[in-house]
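Keep the viewer open and follow along.

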Amino acid sequence: MAPGGSRSWGSLLLLLLLLPAAGGGCAAEGGPLEPFDALYASGVEAYYGGDFAGAARCLERALRSRRELRAARVRCRRSCRGQVRLEAPGPGAGGDLPFFGSVLRRADCVRRCEEPRLGAASRHRAAEEVRADFQRRVPYSYLQRAYIQLNKLEEAANAAHTFFMANPEHMEIQQDIENYKTTAGKVSLVDREARQHMEDYSAGVRHYDREEYELAIEFLERALKGYYTEDEDCQIMCERPQRFEEHEYLDYKGGLYEAIADHYMQVLACKHDCVRELATRSGRISPIENFLPLHYDYLQFAYYRVGDYVKALECAKSYLLFHPDDEDVLENAGYYEGLLEGAMDPDTIKPRKEAKTLLQRHKLESHLLQVAAAGLGYAYTEPNYWNRYGARQDEHSVPSSISSEPEDGPRLSLAKKPMPKPDRELKEGGPLLYNDVKFVYNSQQLNGTQRVLLDNVISEEQCRELHRVASGIMLAGDGYRGKTSPHTPNERFEGATVLKALKYGYEGRVPLKSARLFYDISEKARRIVESYFMLNSTLYFSYTHLVCRTALSGQQERRNDLSHPIHADNCLLDPEANECWKEPPAYTFRDYSALLYMNADFEGGEFIFTEMDAKTVTASIKPKCGRMISFSSGGENPHGVKAVTKGQRCAVALWFTLDPLYRELERIQADEVIAMLDQEHLGPSEMNINPKDEL
């Protein structure tokens, strides 16, 4: 498999065939900037030819060339903006000539500025597949493998980390990073494509959470400065060649103003979306909600804490530009004004100019896009760029609860702002339905939300029977495209589905009664979960899997990896951002999860919940026969499995959905098989699944 994981051989072959400049090595440096796609092709070709030193050299140059290409374009376009101002059109015939004359002069300025370093513009028009690879940071995956072969572990670790930051679902890379930490000692992982304004923002928030307000101010102010610089660069880079979706450009027959409008509306939509672009981490679709306003929200309170009430009021007013009806910040602003009375006139303190300018521009862009949508048939829907649900999560910074605050002063309510309401009311504590099932811990006792631990869900005899059927039907790598060790190279993974068990039972390859048991206990688990969490709609199976993890002999010394890395079941966990992104390839439709354990005769293998940082363990559960842990599938419940260091750990893994559109197809087929068996009296269940009366 190619290092990129899902890289298509078709696009790779196309890359190598279409670029004749690609060879066994990179051309000598000098002259105009060499196209990054040609260098990339040379690097990939060298990699597959076993020339790892050449691959690393070409790939590094490809990455550097792409950065220099962008920097040169930004520099030239910014310079020409300053040198050639666009003239306003005048009245009457020929009145538009000053404007178009200035457009032509600016275009000439850009060309003369770029050509000495870049050469002809056509040299740098990479194919869509190549641009997508760089967006997904695939070159770093090749680099990592090349550096491993060259025994440059620090460079390999940084390349792996850089790739992983944009591809957090890539389990193999995650395992590689853990291996580097073991083999290379203390590794300081560097994201080579990190965006500085994002890094500064994250650092500022960390200091804020530690109540280190002076440091928080330093980093958040630096983040704001970087944000506005990046915003200008983003605006400039949108002035690139555009694609005309509805027709081939060479066959385009639009008149002057139609052609200008078609091109400019694409440029304008790109510029308008810079707000989203600058708030979106690499490899993510969804931006950090309310990203730019949050800078001012953090700062207004941090400045208050260090006694700078002028800056506090300035930042509060800046935040209110975006959300003028935010009651908490309105109250804060009023309080700051009260603190300043007598010393200065609070009305002289204005919102920050850069925030006001950006917001005015953004509103005008929105207006023009909507005018085009109404009058020119341009397809456009205005996104919600500054959703207030992306609010600061302050549990410890509510001045109204601090004794040092004046009791009669305005309440500086900086408590948690409302998160989006779930589409259902979250409840728990419903009846367990079965007499033998024993309640152990609820969410509060497990230090989380929507969690429950139960014992005696199945008996010792049923555990043994299920284990016997497992040994007869499981395949290594089942459910993971045949990868025998999908989560860690130190364990073998085997699995089987309900339908496969019933099929084997019907064919006589395993006892039919045992295969039917697998089906029945999964149905029992579903009913318990549905009842305990008091769901007011049907809970459907999304996936049902009988799984075993076996420690591989000779590979258990000094293990520091996990049997299953920390993750969430319906979103992509991003520990660095303290976010969980509900977007593909995550199974976003999953609502609840459950694990029903079959044995305890192994070492390690504890199930753990963590905070969203994927490090802080909030609960640890030792599996045993009949024990079941169930929980909601979202980012509120990151979880994983500690290393299985000896023996085999087996469980029935269940995922459920409230959306019937995502019902498990194999489960529907299994239902049909059961109905047929019951009709033919070939395999009635001997398991008591009649629920007890509700208490």
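## Ground rules

Axes are lines fitted to C-alpha atoms, for helices over the stretch in contact, and angles run from 0 to 180 degrees between N-to-C directions. Helices (H or I, at least four residues) and strands (E, at least two) are DSSP runs, numbered from the N terminus.

The model is predicted, with local features needing pLDDT of at least 70 and side-chain atom pairs counted only at pLDDT 80 or more, while totals for chains, interfaces and linings use all residues. Residues are numbered from 1 along each chain as its sequence is written, and side-chain values use heavy atoms, leaving out hydrogens and water.

## Helices α13 and α14

Let's start with α13 and helix α14 (residues 309–322), whose axes cross at roughly 155° and come within 8 Å. The two are therefore roughly antiparallel (an angle over 145 degrees). Contact here means heavy atoms within 4.5 Å. On the α13 side the meeting residues include Leu-292, Tyr-296 and Tyr-303, and on the α14 side they include Ala-312, Cys-315 and Phe-322. By class, this contact has 12 nonpolar, 2 polar and 2 charged residues; Ala, Val, Leu, Ile, Met, Phe, Trp, Tyr, Cys and Pro count as nonpolar, Asp, Glu, Lys and Arg as charged, and the others, Gly among them, as polar.

## Helices α2 and α3

Now turn to helix α2 (residues 36–48) and helix α3 (residues 52–83), which pack at an angle of about 165° with axes 7 Å apart. This pair is therefore roughly antiparallel too. Among the contact residues are Phe-36, Leu-39 and Gly-43 of α2, along with Ala-55, Leu-59 and Arg-66 of α3. The contact of α2 with α3 divides into 11 nonpolar, 4 polar and 2 charged residues.

Helix α2 itself is largely enclosed by the rest of the structure, because 11 of its 13 residues are buried (under 20% relative accessible area, with a 1.4 Å probe and protein chains only). Buried positions in α2 include Asp-37, Tyr-40 and Val-44. Just after α2, Gly-50 takes a positive phi of about 85°.

Two loop residues are worth a look. Asn-290 has a positive phi near 65° without being a glycine, and it sits in the loop between α12 (274–278) and α13 (291–305). Asn-290 is buried, with a relative accessible area of 0%.

Gln-450, also not a glycine, has a positive phi of about 55°. Gln-450 belongs to the loop between β1 (438–441) and β2 (451–455), and is buried at a relative accessible area of 4%.

Conventions. Angles under 35 degrees count as roughly parallel, over 145 as roughly antiparallel, 65 to 115 as roughly perpendicular and the rest as oblique. Buried means under 20% relative accessible area, exposed over 50%, partly exposed in between (1.4 Å probe, protein chains only).
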